[in-house]
Amino acid sequence: MKKLFPLVFALLPIATIAQQTTPPITPVDYINPLMGTSSNPALSNGNTYPAIALPWGMNFWTPQTGKMGDGWQYTYDATKIRGFKQTHQPSPWMNDYGMFSIFPETGKLKLNDMQRGSWFSHKAEITKPYYYSVYLADYDVTTELTPTERAASFRFTFPQSDSSHIVIDAFDKGSYVKIIPGERKIIGYSTKNSGAVPANFKNYFVIYIDKPFEVSSTWHDNQKDGSLEYTGNHAGAVISFKTKKGEQVHLRVASSYISTEQAELNLKRELGTDSFDVTCQKGKAVWNKTLSHLTPEGGTIDQTRTFYSSLYRMLFFPNRMYEVDAKGQTVHYSPVNGKVLPGYYFAGTGFWDTFRALYPFLNLVYPSMNKEMQEGLVNSYKEGGWLPEWSSPGYADCMIGNNSASVVAEAYLKGLRGYDINSLYEALKHGANNEGPNATGRRGVEYYNTLGYVPYDVKINENAARTLEYAYDDFAIYKLGKALGKPASETDIYKKRSQNYRNLFDPSTKLMRGKNKDGSFQTPFNPFKWGDAFTEGNSWHYTWGVFHDIQGLINLVGGKPQFVAKLDSVFSLPPVFDDSYYGGVIHEIREMQIANMGQYAHGNQPIQHMIYLYNYAGEPWKTQYWARETMNKLYKATSDGYCGDEDNGQTSAWYIFSAMGFYPVTPASDQYVLGTPLFKKLTIKLENGKTITINAPKNNADNKYVNSLTVNGKPYDFNWLSHKALLGGAELNFDMSATPNKQRGIKAEDVPYSMSNEK
């Protein structure tokens, strides 16, 4: 014992120092930005890329493993990195716009993006939302980058070399670069886009390098041309110099949709004189502040990682397109008319996906951000004449529906104020009664407004899906009109149209079915046929798309027992499918097939709310079972961690809401439908200073069922929660059990909102 004493005392200071220097784990440390990156066109495990960016930043950065212009710009199984790209890509299917890349090399110069790629390993890669680092083995260079909203800092650590290079690639389809050696500066622009922009679209960039240029040249056609300025189809720049072993070269980069001068302003305003490390620390602080609105406790480490990794994905889109000019005023380049105008603007999201849960989440947790987004929608309408349904960044011709109605109506109905809601209401009416360009407005609107549905036999694809979504959108317009005090003669039009879903219900199959212009149902009818009358799904998926009137759907099916049996069938049916409309298996079909959950296709949006519908039919414990099953089975903070396209935060938003224990089945209402919480405790700090505390101390893998619930200390048997009540602060105490309580939430008054139950 005496011999051990000196050793113990000698070790004490070391242990103490270690405890003091080990940084605490913060929310951002749980995030895996590579979640969902093991994807390809045939099978999506998320179709994500590591976005190194700040929440809702104008610019993101990502390592580029794919070839130039490929939407799959980073895939986990790739072996080479070809550039570090500024990206604005919402999804690989939409591809990118306004991109350019930066890449360090040593030795023989390689300009072609497929030839210059360097081998890398995830073992020598650090990926955080605010910081990225990777070792480029072929060049013996370590690249680090850290972002701001409109700028970024790079740090390259070079080996000893007489031939070190930095390659700037402004991409093809029209670009420009100019090298200014005396200022150690490169400027340029990229016009590359996916088609949804005006002709004058440009993303201007400015790059400062803290090392003199020994050799510099622009390049095109994969060859240096010896000049300092070039405009053409595909412009690039390269600078070269000698480096010592371990020498660090710093780049400061910013961009603007407005001008080179504005890019300079963005750089000065956001980077200032900050070092790389200071910018990195500031980025981490921004992430932790944004993430700290939600604090899960008492889950497994995997559940916590999945929670924060999903939350990270939700905080990007739509992303800012606005900038702050020299006078300190908010301005934006308008991607719908090509002018520079005052005010906010956002881009990069599809409402077909995000109206379901992403926007409801913003309204609950980050309403100040959605207020800016609503102001951006006002500008989109005034500048382009339409509300976008998919912005990429202009009016993209993609997907169906008129779901801007839900996004606009819900924000106002849930309390957002201080923007031009009357213009937005006019925009909703305009979109509901006209067919616009590039998926704006409503395709088939004349049929819908006269017949009450879009017919199957008039050469308008996905007609049944359009009808069902238009009906819900009409409900949203009706509710907003009432809230704004519009006359009943006006709002009743939309109230009546909101019941148009009934026109497609087939009593013989008790499923939604395409209907011909003469009133007959389409025949032959295969409820397992994907596409055709539906959008990326089949009748078993879209039958539940009556978000605003589940009781009306229950009545059509024949009552609650029959409705529950129909819901059960989704999970008990085999995952059979008819892919003849597409001429092959699309990835959404494959993802349903391999999940082993029958016809439940969680990897795509149309059916994601369906699990919560048991609450309307007196068997809420089945919602609890399937919600927990889906969270556990289909989500994980790994490269294959999603079960389909992540889609601009929507699939992540399903998980975050479900982990909280409730879900917005009817976004344009005041209610959330109860499920089952995932953690022992989850705290939500609201922007108004109030707190929602969700306690479930008995929660574990077995105790997935809600035995009882109290809200603010009082017993609570309803299967729904009020948004307005939650905004006032609330304490929810769940008593969890391994067996379902089949007496709770079964009374008629316990069911959530349905339009058919309105008095």
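**View 1. Ser639 in its loop between two helices**. In this predicted model, Ser639 is found in the loop that runs between helix H17 (620-634) and helix H18 (650-660), where helices (H or I, at least four residues) and strands (E, at least two) are DSSP runs numbered from the N terminus. Ser639 has a relative accessible area of 14% and is therefore buried, a word that stands for under 20% relative accessible area, while exposed stands for over 50% and partly exposed for values in between (1.4 Å probe, protein chains only). When neighbours within four places in sequence are left aside, Ser639 is in contact with Leu34, Met35, Gly36, Thr37, Ser38, Asn45 and Tyr76, contact being heavy atoms within 4.5 Å.

**View 2. Helix H4 and the elements packed against it**. Helix H4 (residues 301-314) has 14 residues and reaches 20 Å from its first C-alpha to its last, close to the 20 Å expected at 1.5 Å a residue; the expected span is 1.5 Å times one less than the number of residues. Because eleven of the 14 residues are buried, H4 is largely enclosed by the rest of the structure. Among the buried residues of H4 are Phe307, Tyr308, Leu311, Tyr312 and Met314. The buried residues of H4 pack against helix H3 (276-291), strand E19 (294-297), helix H6 (358-365), H17, H18 and strand E31 (681-685).

View 3. Most peptide bonds are trans.

**View 4. Arg184, a residue with a positive phi**. Although Arg184 is not a glycine, its phi is positive, about 50°. Arg184 lies in the loop between strand E11 (175-180) and strand E12 (185-190), and because its relative accessibility is 34%, Arg184 counts as partly exposed.

**Notes on the model.** Residues are numbered from 1 along each chain as its sequence is written. Local features in this predicted model need pLDDT of at least 70, side-chain atom pairs count only at pLDDT 80 or more, and totals for chains, interfaces and linings use all residues, while side-chain values use heavy atoms, with hydrogens and water left out.
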